[in-house]
Structure formats: C-alpha cells, structure tokens
Amino acid sequence: MESTPSPTPPPPTVVSRTSARVGLLLAAGVLATAGCGSTPVTGAGGGAPGPARSIGDAPLVVTPTPAVTPTPAPTPTPAPAASTGSTPGPVRAVPLPGSTPTATPVPLSVCSPEGIGLTVGEADAAMGLRVLPVRLTNCGTRPYSLNGHPAVRVLDAERAPLAVTVKRGSAGIATLANFDAAPKPLTLQPREYAEFQLVWRNTVTAGDKAPDNGRYLEVAPLPGRPRLTVPADLDLGTTGRLGVAPWSAPAR
C-alpha cells in the first residue's frame, strides 16, 4: 500500500532590512501628516468649543453641555399691617362698686344738635334691686359741661310718661354711697363721657295695680336743657319709685 506524500510548506518570506526601514519611515510620515492637519480640542476653561474637527479619518464631535437656569426663589408675601386707626370700639357699662353689668350698652345713638349722645346699659340685678347705667358722650367738637343730676322721665311703649316718682339720690330704695354723694362739676372734651345711674326695686306689692314697665327714658342732661329719648327696659314693679345718681366721671 502506497502512502500519500505530505504537502510541502511554502518557503518563508524574507523581508530585507532595507524594506522594513522604508515601511517604518512611510508610516511615520503618515502620522506626522495627520497630526499637522488636525485641530486640538479646547479643554475646560479654554473658551467655547469650535466646529467639529477630524483626527485622521474619524470625526470628533464636541457636544456643549446646556446651561442650567436657576429657579428664582418665591417672593414672601408680607403680613398685613396692624390697624392703627383710632375708631373707638363699643362702649362698656361701668357698674357700681362691687357689681358687674350684665351686658354692654347699646351703641351710641344719633349725636344731638348739642353734640351729645346717650347709651343705656342693662340693669345689674341683685335680690330684686336694679341698677342701670346711662352714659353721655360728647360727640361734638366743643367742651360740654355737667353738674348735678339729670332730669329723668320713664315712658311706656307708646312713649307716654309712667306714674313713677323720680328722686335724686338713693331715695330710700337702698344704701348706695355713690347715689348720695355730692355732685361735682364736670367738663367733657370731645369723645369723653360721663355717667349717671338709676336704681329701683322690682317688687310687686299692690295686687290691684299692674306692674310698671318702662320702655324708654327721656333725659335732660341738666334741668332746662334739651331732652333726649333712648330705649331702655325698666321692670319697675309696683313700687313706683326711681332713684337718680349725680353725673360722675368713671375711672379710666
């Protein structure tokens, strides 16, 4: 049996030293030419990047980073300024020493041509004893003088006078020092006020007489001066007596 001869390998390629040197010189020339024709990329801090340049055959594209616009901080809304107006609030009843009024007087009524206005509080009640404060405010532009006791009449719902005896002082109804004190002259400047008080007992003693219920007060600040009429609730019972304190300046 015959054997097949193995193929003979090709002879090795012999590269001379001269050819190798020529190849290296050509490659160095190509690289030097490519380096001279390219533009270096500007690094950070070197200014804005220019158009894209190619290094050899591969293009180099530099994409600028978009600037970030800061979000403005919200403007705080200032708090509303506190009111500094001088508009007065509702008036307050001034009670007898040691007592407390049951409610605030009604707002000031119409300012009269004399430049005054009246407000009436609610009666302070204790064991059938009633004490009612009445305030006079100088709502005009000139000083207003007071001295002594006001002249008072009690009117019913139809504004007819009731048969009630009105006396200066406590009138024997109760022992009240401020009712029996000596009057003192007062001068009210605009927006100042003074007060007097009324006292009575809500007692029904006569079975054949209907209790008196006042619905209005008619007040002359001093006898002979113009009268003012204001709403008021006076449950006078059947005693038919009413005591009037002198004008006084409440403690401020």
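This is a predicted model: local features need pLDDT of at least 70, side-chain atom pairs count only at pLDDT 80 or more; totals for chains, interfaces and linings use all residues.

Residues are numbered from 1 along each chain as its sequence is written, and side-chain values use heavy atoms, with hydrogens and water left out.

Sheet. I looked up the strand order and found an open sheet of 3 strands, β7-β11-β12, with antiparallel pairing. Strands here are DSSP runs of E with at least two residues, numbered from the N terminus, and two of them pair if DSSP finds at least two bridges between them. The edge strands, each pairing on one side only, are β7 (151–155) and β12 (228–237). Between β7 and β11 (residues 212–220) I find 5 bridges, and alanine 151 has alanine 220 in β11 as its bridge partner.

Arginine 135. I located arginine 135 in strand β5 (residues 129–138). Arginine 135 counts as buried because its relative accessibility is 5%, where buried means under 20% relative accessible area, exposed over 50% and partly exposed in between, with a 1.4 Å probe and protein chains only. Its side chain makes a polar contact with the side chain of glutamate 195 at 3.1 Å.

Polar contact, as I use it, is a pair of N or O atoms within 3.5 Å; within protein, one must be able to donate a hydrogen and the other to accept it, and residues adjacent in sequence count only if both atoms are side-chain atoms.

Proline 250. I placed proline 250 in the segment after β13 (241–244), and proline 250 is buried at a relative accessible area of 9%. From C-alpha to C-alpha, proline 250 and phenylalanine 196 are 9.5 Å apart in space, and they are 54 residues apart in sequence.

Methods
Helices (H or I, at least four residues) and strands (E, at least two) are DSSP runs, numbered from the N terminus.
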